Amino acid sequence: MSQSPQSFLTVDAGLASRGVRVALAVGEGETVAVMGPNGAGKSTLFGLCAGLLRPDEGRVSVRGRVLAAADGTWVPPHRRGVALLAQEPLLFPHLSVLENVAFAPRAAGAPRRSARAAAERWLSEVDAAQLASRRPAQLSGGQAQRVAIARALAADPDVLLLDEPFAALDISAAPALRRLLRRVLAGRTALVITHEPLDAHLLADRVMVLEDGRVAESGPTAELLERPRSPFAAGLAGLNFVSGQTVSRGTGPSSLYVQGLGEVAGTVPDGADAPAPGEEAIAVFRPADVALFRPESVPHGSPRNAWSAVVRELEPRGAQVRVHCTPGSGTGSAGPALVADLTPAAAAELDLAPGVAVVLVAKAAAVTVYGA
Ligand SMILES: Nc1ncnc2c1ncn2[C@@H]1O[C@H](COP(=O)(O)OP(=O)(O)OP(=O)(O)O)[C@@H](O)[C@H]1O
């Protein structure tokens, strides 16, 4: 974990019953995208920060103030300065939009008049001033989410937690809300749970990947998606991911031996150190850079990266077909799953179907190798 001295939100807490133990330090004004597979612990992390769950290990603090700790320290949710924006807007149905947004400053003790003024200001900030007198039932999903954002901001939180803010929206409402969040999150300390690499790029300074209740990796968004260190992050970036041991013996320092696949030859990015022979290394490559052949028609001159595999599944993806393959002959221990993107015409010409034996070919120049 990067325990920076300027850490604003510090989580080093766990909930043993859920197998979750997360260490995370967020700087003031920093937005971190929290990503990870189902059940990885994302909601549990939010619950620990927001005060919905008590940690049984470690502590959570903001600005050095302990909000919750395993020793029993406990600041109630409404006194934490932590606002949680759920997937569903969860507005009070019996209050107007304006009253919904004014609720937070009112609850914090602001007089009615200044609470209303703050609510009006936040509603215009999210382009929803014209909705002030409506009831939540009279709002579209996107409008309700805007109002919920205004309500969260009106509480003037130190930390904003957003749980998949676009999950409940139809696809047409998401882009406008994404732009809005990009604006309001700039300079705010926030965690955003998302499954979309686009959101990580647009909204966050950094990505943290949770897997099995632990931080699997964390780093600047572009860097992490370009050179992922976990299969999950590679999947987000749409890259094939293999890991193994660097081999030398004439093959050069940019080759690695991958269990179940064999040798993978690649190129070390400019400016990066080549992993030493014997060291653990990672190779990533784009599905579009993988060519597929039937075993009897592999081009002559034996390409360096030619891996025998069996087609597992064909997945139509717009103008492409994604071919999911399992290395090997379909029996025995399989290597890492690999995918190739072909045009539908190429897939048809190869007469691909699940169970068909193929050879995957990738040029070493298209395979990026770096130390694990
Ligand atoms: N209410 C609960 N009671 C007990 N265990 C739970 C509860 N909710 C989640 N868990 C368990 O805690 C672990 C972490 O789950 P959590 O909901 O935090 O993951 P997540 O990353 O938010 O998943 P998702 O993307 O599916 O929402 C999982 O093993 C899960 O089964």
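**View 1. Asp156 in the loop between H4 and strand E7.** Asp156 sits in the loop that joins H4 to strand E7 (159-163); helices (H or I, at least four residues) and strands (E, at least two) are DSSP runs, numbered from the N terminus. Although Asp156 is a residue other than glycine, its phi is positive, near 50°. Asp156 counts as partly exposed because it has 14 C-beta neighbours inside 10 Å. A residue is buried if 20 or more other C-beta atoms lie within 10 Å of its own, exposed if 12 or fewer, and partly exposed in between, with C-beta atoms placed from the backbone. This is a predicted model, in which local features need pLDDT of at least 70, side-chain atom pairs count only at pLDDT 80 or more, and totals for chains, interfaces and linings use all residues. Residues are numbered from 1 along each chain as its sequence is written.

**View 2. Asp351 in the loop between H9 and E19.** The loop between helix H9 (344-349) and strand E19 (357-362) holds Asp351. Asp351 is not a glycine, yet its phi is positive, about 55°. Asp351 is exposed because 8 other C-beta atoms lie within 10 Å.

View 3. Strand E9 (residues 206-211) pairs with strand E10 (residues 214-220) in the antiparallel sense over six bridges; two strands pair if DSSP finds at least two bridges between them. Glu211 stands opposite Arg214 in E10. Two residues lie between the strands of this hairpin, and Asp212 takes a positive phi near 50°.

**View 4. Val22 in strand E2.** Val22 belongs to strand E2 (residues 20-27). Val22 counts as buried because it has 26 C-beta neighbours inside 10 Å. Leaving out residues up to four places away in sequence, Val22 touches Val11, Ala13, Gly14, Gly41, Leu45, Leu210 and Val215; contact is taken as C-beta atoms, placed from the backbone, within 7 Å. The C-alpha atoms of Val22 and Gly81 are separated by 20 Å, and these residues are 59 residues apart along the chain.

**View 5. The largest nonpolar core.** This core has 107 residues, of which Val34, Cys49, Val101, Ala150, Leu161, Ala283 and Leu360 touch the most other members. Helix H4 (residues 141-154) gives the most to the core, with eight residues. The core takes at least three residues from each of domain 1 (7-231) and domain 2 (240-372). A nonpolar core is a set of buried Ala, Val, Leu, Ile, Met, Phe, Trp, Tyr and Cys residues joined through C-beta atoms within 7 Å. Cys49 touches Val11, Val60, Val82, Val159 and Leu161, not counting residues up to four places away in sequence.

**View 6. Domain 1 and domain 2.** The chain is divided into domain 1 (7-231) and domain 2 (240-372), with bounds from an automatic or database domain assignment. Their C-alpha centres lie 39 Å apart. Four residues from domain 1 and five residues from domain 2 form the contact.

Notes. Two residues are in contact if their C-beta atoms, placed from the backbone, lie within 7 Å.
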